[in-house]
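Here are my notes on this one, as numbered points. Have the model open while you read.

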Amino acid sequence: MAEFGGNKSAVGPPVAGRKAASGGAGMSLETHRGEPVSNGNCSVSDTVKRVQNESSCESPTWEGTGSDSASKPIPRRSSLIKDGSRAGRERKKTVSFSSSLSEKKISSAADCIHSMVEGSELKKIRTNSRVYQRYYLLDTGLQALCWEPSKKESDKARISLASIREVRTGRNTETFRTSGVYEQISEDCAFSIIYGEIYESLDLVANSAEVANIWVTGLRYLMQYGKHALDMLASSQDSLRLVWLEQLFSSAADSDRQEGMEEGIHLQSAIKLIQTVNPGVSSGKVEHRFKELQRVRERMCSLTLDNGSGVKDNSENKRLIERNELVTKQEFIEVFHDFCTRPEIYFLLVQFSSNKEFLDTKDLMRFLEAEQGMAQVSEETSLMLIQSHEPSEEGKQQGYLSLDGFTSYLTSVECHLFDREHHTVFQDMSHPLSHYYINSSHNTYLIEDQFRGPSDISGYIRALKMGCRCVEVDVWDGPDEEPVVCTGHTLSPPLALRCVLEAIGKFAFVASEYPLIICIENHCSHQQQKVMWQHLVRILGKKLYTDPPDEGESYLPSPHDLRHRILLKGKKLGPGSDDEDGEVSEEDEGAEMCQRMKAANSGGATPGGNEKDMVQKSVSFTANPLHIPPKRFKLLKELSDLVTLCCSVSFIDFITSSETQEPWEMCSFHESLAVRLAGESPGDFVNHNKHFLSRVYPSPMRIDSSNMNPQDLWKCGCQIVSMNFQTAGLMMDLNTAWFRQNGNCGYVLRPAIMRQEVSYFSADTRDTVPGVSPQLLHVKVISGQNLPKPRGSGAKGDVVDPYVYVEIHGIPADCTERRTRTVTQNGDNPIFDESFEFQINLPELAMVRFVVLDDDFIGDEFIGQYTIPLECLQPGYRHVPLQSLTGEELPHAKLFVHVALTNRRGGGKPHKRGLSVRKARKGRNYPALRDLGVRAVDDVFKMAAPLLREATDLKENMQNSVAVFRELCGVSVVANLMQCVLALGSRVSGPDGAPLLLFDLRDHYPTLEPQGPVPDVLRRVVSTYEMMVQASRAVIELSDGIYDRILHIQTMAMEFHEKLQILAAKEGLKGRKVSRALESFSWNITILKGQADLLKHAKAEVQENMKQVHDAALTGNLTKESAGVRRVRSQTRRGQDDKPTASARGPSA
């Protein structure tokens, strides 16, 4: 069965200014006998299309009231649409301005109610999993909701608006949750009407999210104002927007006015005014729209100028022509509405404004706290935002944020998806150097391919400015006794070493103060090594770090200790070569590429063959690394002494490294070898990288300078993954985004599970990570703005058919992608309205990538992308600035999304942790400890088993009780408790308007008390809330004791760590059994540490939950009057300028 309201085909909803899609009305739906029906696609009924698309539609009984809704629409050009209906027409990819610019956009309650009176086809969901298609509409008196066809009598197939208690969005009623078609229903297209004394529900699914928004907004408006709704709609013509636009027009008219000129403003002035509000809109499109309106005006005027004899007044005709370059106030307002109205933002505004056309300071406070995750919010905070973003003076004076002001705020940097705290160094920089990922460049001097591409100093300058902290310098003998930098055995031109070092010295610390590593591949003769040494000492001077390492240290110094220092990575003489030069093995990473190119050239390349032929022949050889025996050369003692913390050594195997390698020694891995080790020994690779730096360089097969996937090596803990910075694409997007999360300083702290001395982590895990609780990432792709046509694409003119991929990159268990449907022929403001959910098993290593593509018959083309680490996501409604293939920001091109994280544990910022999601499994999964086969150690771990069960029960009971309470509040799984309580406030009013339920906030745990007799559904809410408080209290009271006992057992077990192999030998374990015992020991320690941390986070979550309940009760006026009750500010969420706190305090009022 197709997904209800969530069509994935190239169909766009023809509602509120969007084009109808092909096949939109040609489908046949089986509606009799109550059989389930397929949604087919996201079209709406012909009647709704006629309402929203016909040029001659008449308003209902309130015609003449608000200017936006009552002004007569401009007819479309008859050459494009003759019959007013676009149903069933084939959509061809052609350029069309008229039809797309003339459609009405929803921006007022009048627009919504106008559509509801005309009606829509909606699907009714029943408890027996049956689906009925019905036609729903408002009666003309706006007193009742009616539907047809129905077996009921006509007077019963209706719901009085006065009986409606709540209009609930999403699949958040018992009927939806128990329906067999739940998974096939789009969350964004579903809504429910709760009505009557016993809180019955009418559960509906629209054909598009926008149709659902129209019904929800209109019904809530009618509920809010009741019999005064018509009066409120009539007064909407005095809206903030209209007054502001009239003032804007008058001001421009005064400056443009000339003697004898009629009232109006110049066309170019009008275009500039619209572009100040929507700078991404094309001036050509705006001009075309104005001239379209002027042609209509000409035709109207020509009719009035006709004197009845067929002869027109020539003087009046001439005057009409002179007016063509002028824009009237009505035309300006209409075109402004077309290009500067975003219906998706209007629907969001009325959701928080109690159905007003603006947000007041309290509404804005509620939005900032409940949706945007902001703490320390006050009415002063709201007023400051209003003063910054509201364009109208009236709004600023009254403290109102209009639709245009709200749009300005949501598109500002304050609502960027990327957390601004990460623009500066955010992480602890005092860990050992081996605990960080390091931004690294490969053959930095090359700016194109690896074989004959040009070399340039700009390669170093660009990389260093991008935050690169590890550059490569391949040094060879040059002319005139001057060493040069180049790739040996290739056709790439050389650079003077002196110039390279001067550029590095100048730009080394422009982007970051943390240490820079220069990887020197030395191929020089003894004489030119002396020149190299002189250049290094003279040019880099005191920046060079030459202090010998401490022999007793197990780790390298930290980036903080090495600020503004340059480390040389290279070969070093052994300890027995005091004051003498000596021989070492030569590093030559380019030798394999040279051998392959020679083999390709000698293998039949034609004399006139080009480089591409040679490359293809070289690639045709085996992909396994060639074994080229290393040469030996004499190394200058003074040059050797400059290498201290990054001494190059050859890798043999992990056992040898663990026994003989020193912390200041590092191995360089060929890409193919590194990937093979990651697949064969992922756990050993991770453990190796806890103590030692590992550098991975691209395969010589990558002659075109393509890049490997850095995530494949980061998941093994490899710190230095060398990238070809000159090659744009997915891999470089991942690398650039990853290092942006820590102030772009070039260093990112690795996940804790990869740093702990004893821990178990397998890089190729395809399941949950022991000791880390999975998180659910919820992403709703709402819309796009100003999406350009793909670069170099001219086949479709300016037409764009966009769709969006949301990709997750991380460990194998996390890697996945989802895509939206295609919106046809709309790059200006395509509406997607699709929600996705991803389970993230290792949040600290996950990245999210948004990719926008143009759907084409031949091949989809790239429009833009944005990649961001999961740790940098800001929750709530956010805009995503799109970037080009080469990483530059596309002007004004954005995606509008909603992001939420639930069940977030073990990492990240506390304020972003949402609530837990109840597991669907019947049984409860308890963490399992492994037997080592060593009795003394196993006895210690067995002591922890009951504690782990108790800790799991505490967490699960609290999480389940929160989930049940959330369900009864009728909100989605992404909602926090503040949103739950605020949603509850909308339905607890009694007949006299007084709330039936109130919170008593005098205790640490707010209590929910009935204020007299209440319906059964509210009694269930009270009892569920009491269960949640009881489970939360148990976490607070018992978690500390369990936490301490688990850590005590962990400490006892760690006493066996150093002598574990001896104990295993005494038990008779040998070979693989010893290795398995060591692995099981690491597993158990990881489980104990992880479960203790999760229990600690559960306590912090309970404290946060109680604070949210407290603040929401105050915000929603659901509190009993009591002295001394004040607003509690969350300690685990932060305000605009606050840094995250180290810990959370206990619940208090």
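1. A definition to begin with: two strands pair if DSSP finds at least two bridges between them. Helices (H or I, at least four residues) and strands (E, at least two) are DSSP runs, numbered from the N terminus. With that in hand, look at strand 21: the bridge partner of Val-696 there is Val-721.

2. Some housekeeping. This is a predicted model, with local features needing pLDDT of at least 70 and side-chain atom pairs counted only at pLDDT 80 or more, while totals for chains, interfaces and linings use all residues. Residues are numbered from 1 along each chain as its sequence is written, and side-chain values use heavy atoms, with hydrogens and water left out.

3. On confidence: pLDDT is the predictor's confidence in each residue, from 0 to 100. The chain has a mean pLDDT of 80, with 78% of its residues at 70 or more. Residues 6-102 have pLDDT below 50, and beyond near neighbours in sequence this stretch has 236 contacts in the model (contact means heavy atoms within 4.5 Å). Residues 604-623 are also below 50, with 28 contacts in the model beyond near neighbours in sequence.

4. The overall picture: the chain holds 34 helices and 32 strands. Of its 1149 residues, 56% are buried; buried means under 20% relative accessible area, exposed over 50%, and partly exposed in between (1.4 Å probe, protein chains only). If you take the contacts between residues at least 6 apart in sequence, 71% join residues at least 24 apart.

5. Back to strand 21 (residues 720-723) and its neighbours. Ile-720 and Ser-722 point one way, Val-721 and Met-723 the other, and all are buried. Strand 10 (residues 436-441) runs parallel to strand 21 and is joined to it by four bridges, with Asn-439 bridged to Val-721. Strand 20 (residues 694-697) also pairs with strand 21 in the parallel sense, over two bridges.

6. Strand 19 (residues 665-670) deserves a look too. Five of its six residues are buried, so the strand is largely enclosed by the rest of the structure. Strand 18 (residues 646-649) runs parallel to strand 19, and three bridges join them; Cys-647 has Glu-665 as its bridge partner.

7. Which residues of helix 9 (residues 267-277) are buried? They are Leu-267, Ala-270, Ile-271, Leu-273 and Ile-274. These cover an arc of only 160 degrees around the axis, which puts them on the same side of helix 9 (the arc is that of the directions from the helix axis to the C-beta atoms). The face turned away from that buried side carries the exposed residues Lys-272 and Thr-276.

8. Helix 12 (residues 329-340) is another story. Ten of its twelve residues are buried, so helix 12 is largely enclosed by the rest of the structure; among them are Phe-332, Ile-333, Val-335, Phe-336 and Phe-339, but also Glu-331, Glu-334 and Asp-338. Its length checks out: at 1.5 Å a residue the helix should span 16 Å, and its end C-alpha atoms are 16 Å apart, which agrees. (The expected span is 1.5 Å times one less than the number of residues.)

9. Please zoom in on Ser-512, in the loop between helix 19 (497-507) and strand 14 (516-523). Ser-512 is buried, at 4% relative accessible area. A polar atom of its side chain lies 3.2 Å from the backbone nitrogen of Tyr-514, and one lies 2.7 Å from the backbone oxygen of Cys-745. Leaving aside residues up to four places away in sequence, Ser-512 touches Arg-469 and Cys-745.

10. Glu-521 sits in strand 14 and is buried, with a relative accessible area of 6%. Its side chain makes a polar contact with the side chain of His-523 (2.9 Å). A polar contact here is a pair of N or O atoms within 3.5 Å; within protein, one must be able to donate a hydrogen and the other to accept it, and residues adjacent in sequence count only if both atoms are side-chain atoms. The C-alpha atoms of Glu-521 and Gly-570 are separated by 6.6 Å, with the two residues 49 apart along the chain.

11. Last, two backbone angles. Asp-833, in strand 26 (residues 831-840), has a positive phi near 50 degrees without being a glycine, and counts as buried at 9% relative accessibility. Asn-1117, not a glycine either, has a positive phi of about 55 degrees. Asn-1117 is found in the segment after helix 34 (1072-1115) and is exposed, with a relative accessible area of 62%.
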